[in-house]
Each structure stands twice: as C-alpha cells, then as structure tokens.
Amino acid sequence: MCSLDLETTNAGILYEACYTEPIMIRTVKKYWTVLRVGLVVSWIRLLLRRKSLPLVLDRLNPRSMTGRPDEAVMGDLANYVDRWLQLFPYNKKGNCFPRSLALYWFARRLGYPVLFQCGLRKEDLNLDGHAWLTLDRQPFHETGQPSQCFIVFFSYPQDPAAGGRQDSAIRRQGNRTAMS
C-alpha cells in the first residue's frame with residue numbers, strides 16, 4: 001500500500017507512485033502493438049510479392065468483423081504503420097499501397113467497414129497511382145481528398161455505391177500489382 005502526504009503530492013504523481021502495474025501493462029501493450037504492426041506490414045509486403053492484389057485483399061479480409069470501432073486505437077495503429085514505413089519504405093515513390101493494406105487489415109478487425117480503393121490520375125505525360133481507405137465515402141486516416149484528385153479504378157470489397165461491380169480485368173489479373 002502507498003502512503004504519501006496528499007497535501008504536497010500531485011494526483012498524477014500519486015497515481016504513478018502507488019500504481020506502477022497499470023503503467024507497466026500499458027507500456028507492454030504499446031510495444032506489443034508496435035511489434036504486431038511491424039509484423040503485419042512485413043507480412044503484407046511478402047504477400048504482395050507472391051499474390052495478386054485481389055488475392056491479398058481476400059487474405060486480409062476477416063471472416064467476420066466482431067471488433068468494436070475505437071478511434072484512439074485506430075489512430076495509434078495508423079501512426080505505428082506510418083512509422084514502420086518511414087523506417088523501411090516500400091518504394092521511392094511512396095508507401096500508400098502497403099499503408100492502405102495494413103490499415104485495412106487493422107480497421108476491419110476493429111469493426112470499421114472500410115473500403116480499399118486505388119485510383120489513377122494523369123500528371124503531364126505519366127500516370128500516377130494512389131491507394132487509400134474510405135469509410136462512408138470519406139477518406140479514412142488519410143490526408144486530403146484523394147477521390148477528388150484520382151479516378152477510382154478498383155474498390156474492395158465491392159463498393160455498393162458503384163453499383164456493386166468490380167473491374168473484372170483487375171479481378172482476373174494474375175500478376176503482381178505495384179503502386180506508389
């Protein structure tokens with residue numbers, strides 16, 4: 001039991017001095033989450049080398065979404081995914097592709113019915129691609145409005161707003177998919 005003079009002790013110091021176990025448990029959970037995010041990012045990168053995008057997405061999609069959406073947890077996960085990809089970039093053009101896939105994996109398990117989307121836009125004489133998540137037609141943990149800059153050519157799972165169809169050419173694609 002902890003006995004400190006309450007007149008001279010700040011409540012936060014009292015909490016930390018008397019209850020060290022919750023802080024330790026919280027720290028262990030944080031580092032376990034950081035490690036788990038790193039493992040998921042690595043697993044997704046390996047999957048992308050061996051399988052087509054639709055097969056990777058089928059693998060990432062949970063059988064059922066039983067989790068409870070928690071914005072604080074999802075924000076932490078997005079931050080950790082960004083940090084891992086900052087340390088170990090996917091390619092020199094960007095990390096949007098593995099970032100969106102990793103966030104898709106975590107978001108679906110937390111119960112968020114997000115859509116994975118890929119889009120293209122023409123820049124000068126080149127095509128530029130981007131991948132992002134949407135929730136209720138709004139970007140999910142994404143800066144800006146990619147759907148205003150890019151033409152969506154692929155959505156997973158099938159976007160009911162787009163008439164429930166998915167590009168069959170991409171569905172039949174058997175080779176690796178590479179995006180920025």
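A short tour follows, by question and answer.

A: Happy to. Keep in mind that this is a predicted model.

Q: OK. How many helices and strands are there in the protein?
A: The count is 7 helices and 4 strands.

Q: What pattern do they follow along the sequence?
A: It reads α-α-α-α-α-β-β-β-α-β-α.

Q: What share of the residues is buried?
A: Of the 180 residues, 37% are buried. The protein exposes about 11,700 Å², and carbon and sulfur atoms supply 54% of that.

Q: And the contacts? What share comes from residues 24 or more positions apart?
A: Such pairs make up 63% of the contacts with a separation of 6 or more.

Q: Let's do the sheet. What is the strand order?
A: The order is β3-β2-β1-β4. The sheet is open, and its pairing is antiparallel.

Q: Which strands stand at the edges?
A: Those are β3 and β4. Each has a single partner strand, so one side of each has no neighbour in the sheet.

Q: How many bridges join β1 to β2?
A: There are 9. β1 covers residues 115-123, and β2 covers residues 126-135. One of the paired positions is Q117, whose bridge partner in β2 is W132.

Q: And over how many bridges do β1 and β4 pair?
A: Over 5 bridges, again antiparallel. β4 spans residues 151-156. Here F116 has Y156 as its bridge partner.

Q: Why care about a positive phi?
A: Most residues other than glycine have a negative phi. D124 is not glycine, yet its phi is positive.

Q: Is D124 buried or exposed?
A: Exposed, with a relative accessible area of 73%.

Q: Which other residue has a phi near 50°?
A: H141 does, and that is also a positive value in a residue other than glycine. H141 lies in the loop between β3 and α6. At 23% relative accessibility, H141 counts as partly exposed.

Q: Where is the cis peptide bond?
A: It runs from Y156 to P157, with omega near -10°. P157 is in the loop between β4 and α7.

Q: New topic: the inside. How many residues does the largest nonpolar core have?
A: It has 36 residues. L101 and F116 have the most contacts inside this core. The elements that give two or more residues to it are α2, α3, α4, α5, β1, β2 and β4.

Q: Which element gives the largest share?
A: That is α5, with 9 residues.

Q: What does F116 touch?
A: Leaving out residues up to four places away in sequence, its contacts include L53, L57, F97, L101, Y104, W132, L133 and F154. Y156, the β4 bridge partner of F116, is another contact.

Q: Now the surface. Which residues form a nonpolar patch there?
A: W32, L35 and L39 do, with about 330 Å² of accessible area together. L39 is in helix α2.

Q: And charges? How many salt bridges are there?
A: A search of the whole structure finds 4. In one of them, R99 meets D82, with the closest N and O atoms 2.5 Å apart. R99 is in α5 and D82 in α4, so the pair ties together parts 17 residues apart in sequence.

Q: Are R99 and D82 buried or partly exposed?
A: R99 counts as buried, at 15% relative accessibility. D82 counts as partly exposed, at 32%.

Q: What other salt bridge does R99 form?
A: One with E142, where the closest N and O atoms are 3.7 Å apart. This pair links distant parts of the chain, 43 residues apart, with E142 in the loop between β3 and α6. Through shared partners, D82, R99 and E142 join into one network.

Q: Which residue does R121 pair with?
A: R121 meets D128 in a salt bridge, 3.2 Å from N to O. R121 counts as partly exposed, at 27% relative accessibility.

Note on methods
Residues numbered from 1 in each chain as written. Predicted model: local features only at pLDDT ≥ 70, side-chain atom pairs only at ≥ 80, totals over all residues. Heavy atoms only, no water. Patch = residues over 30% accessible without salt bridge, like charges linked within 9 Å, V, L, I, M, F, W, Y side chains within 5 Å. Areas by Shrake-Rupley, 256 points an atom, 1.4 Å probe, with all protein chains shown as cover. Salt bridge = Lys/Arg side-chain N within 4 Å of Asp/Glu carboxyl O. Pairing = 2+ DSSP bridges. Core = buried A, V, L, I, M, F, W, Y, C linked by side-chain atoms within 4.5 Å. Buried < 20%, exposed > 50% of the residue type's maximum accessible area, 1.4 Å probe, protein only. Contact = heavy atoms within 4.5 Å.
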